[in-house]
Amino acid sequence: MSRPRTPEPALDVQGDSPTGTRTEDDGNGTQHSHRMLNFSDALLSIIATVMILPVTHTEISPEQQFDKNIQKLLATRIAVYLMTFLIVTVAWAAHTRLFQVVGKIDDTLALLNLACMMTITFLPFTFSLMVTFPEVPLGILLFCVCVITIGVVQALIVVYAFHFPHLLNPQMARSTHRTLYRQHVLYIVLRGPVLCFVAAGFSLFFYPASYLLMATVIFLPYVHKAASWCRRRLVGPQEPPAHSVEVFTFDLQEPLSKERVEAFSDGVYAIVATLLILDICEHSVPDPKDVAERFHGSLVAALSASGPRFLAYFGSFATVGLLWFAHHSLFLHVRKATHSMGLLNTLSLAFVGGLPLAYQQTSALTRRPRDELESVRVSCAIIFFASVFQLAMWTAALLHGSDTLRPSARFGGGEHAFMLAKLALYPCASLLAFACTCFLSRFSAAIFHLTQVAVPFAFLLLRLLVRLALRLLRALPGPAGPAPASQDAAARAPLLAAPC
């Protein structure tokens with residue numbers, strides 16, 4: 001539904017002044033917020049990702065079977081991890097919205113932001129308590145207190161910035177309705193902490209309601225959007241008041257900055273790729289005494305005992321890297337991210353954050369051979385959901401192609417078929433591996449490792465295979481006519497990047 005627009009300058013997605021007016025410190029103690037936002041995005045992506053560590057450190061001894069109790073424990077920890085990961089991404093989204101309003105910072109705002117980041121860094125500890133003692137209210141209470149504190153600090157940033165309008169985005173600073181803007185921003189910032197305040201109260205006598213309320217925080221923006229859509233369908237579009245002197249052209253419900261979405265996503269992928277090596281460094285460096293006694297001084301023999309760990313590491317790193325490559329390729333063709341794309345990207349990143357758990361499961365196959373089938377299936381499920389949400393994000397972008405995608409990636413574009421094949425490769429491969437383990441359970445580990453080796457080669461050959469498929473389709477009998485230019489462009493496209 002189109003809205004009336006005023007001839008005000010467009011807002012910069014990072015909250016800075018319009019293009020062409022970016023300058024250094026203007027002499028009154030204010031600075032642009034680019035570096036602070038980069039620091040905040042990096043810190044938030046780290047915090048969101050390291051919360052998988054308590055899940056990966058779930059101790060399952062070789063003598064234990066992967067029975068229902070272990071499955072229930074692991075499922076509970078994964079569920080709590082997914083919820084807290086998504087809550088951290090809600091805090092990141094609120095931070096992004098906030099600094100679309102605040103265009104510049106001074107020392108006070110920088111220190112308030114550091115206080116907000118310090119509180120966020122405490123979240124993994126509270127999450128560890130929730131994972132270890134899910135039925136004890138203290139972990140839930142501390143987590144909710146952290147979220148409430150984050151909301152209070154962000155509210156202080158809003159109040160301070162509106163008290164000094166030169167810190168605001170230029171369009172908002174010139175507005176005659178700054179009070180309404182401030183109320184609207186405070187509502188966006190504080191609605192999540194208010195729900196967590198209620199959840200903290202419920203944790204004292206009925207903890208399941210606390211988890212339900214915290215889960216509500218994640219989907220609250222989308223529930224609000226759906227309610228607004230239903231209201232418009234039932235009541236019809238509401239015309240702006242005739243006496244309105246200014247129309248709100250800055251909607252905090254609009255999609256997030258594509259650049260900050262990419263920065264946060266890259267941070268998650270980078271941290272996950274780095275976490276994989278920690279287990280190698282911790283458990284695969286042999287003790288000198290063991291080398292002397294058990295392996296007769298042979299370091300090569302001692303390292304060969306950790307061979308499955310190295311195999312699992314390289315396979316897991318390739319998976320993380322290729323999922324990032326698919327994400328990067330997708331956003332090369334994206335102009336802006338819609339609400340549905342933002343939610344699907346968050347869900348995909350949540351499962352990407354679970355890839356260290358997949359690595360931990362597959363690296364332990366030789367130590368727990370009885371649990372081989374369950375470990376492989378857990379790993380396949382994590383990879384499937386991490387990749388299928390990428391494919392769903394691409395599908396959501398296609399539904400709004402003219403607004404969200406570049407022409408070459410839309411239906412009939414030169415890159416459309418290749419992008420579809422690239423994003424569908426991992427969901428199909430992981431689903432195929434999972435299905436094969438149902439019929440060939442004795443070879444589940446071999447099937448999984450073969451998939452990890454085959455998919456990177458499939459990525460290398462993918463453009464060639466898509467090109468051949470398009471040629472075969474054009475060779476099929478059909479109406480005569482010139483070949484579409486987009487398909488010719490696809491056929492001329494190089495295998496990977498164009499040469500310099």
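**Close-up views of a predicted model**

**View 1. The whole protein, by its surface.** The accessible surface of the protein comes to about 24800 Å², and 68% of that belongs to carbon and sulfur atoms (Shrake-Rupley method, 1.4 Å probe). This is a predicted model, in which local features need pLDDT of at least 70, side-chain atom pairs count only at pLDDT 80 or more, and totals for chains, interfaces and linings use all residues. Residues are numbered from 1 along each chain as its sequence is written, and side-chain values use heavy atoms, with hydrogens and water left out. You will find 20 helices and 2 strands here (DSSP runs, H or I of at least four residues for helices and E of at least two for strands, numbered from the N terminus).

**View 2. Ser316 in helix H13.** Helix H13 spans residues 307–332 and includes Ser316. Ser316 is buried, with a relative accessible area of 8% (buried means under 20%, with a 1.4 Å probe and protein chains only). Beyond its neighbours within four places in sequence, Ser316 is in contact with Leu276, Tyr359 and Gln452 (contact means heavy atoms within 4.5 Å).

**View 3. Helices H14 and H16 packed together.** H14 (residues 339–352) and H16 (residues 372–399) pack at an angle of about 165°, their axes 8 Å apart (axes are lines fitted to C-alpha atoms over the stretch in contact, and angles run from 0 to 180 degrees between N-to-C directions). The two helices are therefore roughly antiparallel (angles over 145 degrees). Residues making the contact include Leu344, Leu347 and Phe351 of H14 and Phe385, Phe389 and Met393 of H16.

Methods: Buried means under 20% relative accessible area, exposed over 50%, partly exposed in between (1.4 Å probe, protein chains only). Angles under 35 degrees count as roughly parallel, over 145 as roughly antiparallel, 65 to 115 as roughly perpendicular and the rest as oblique.
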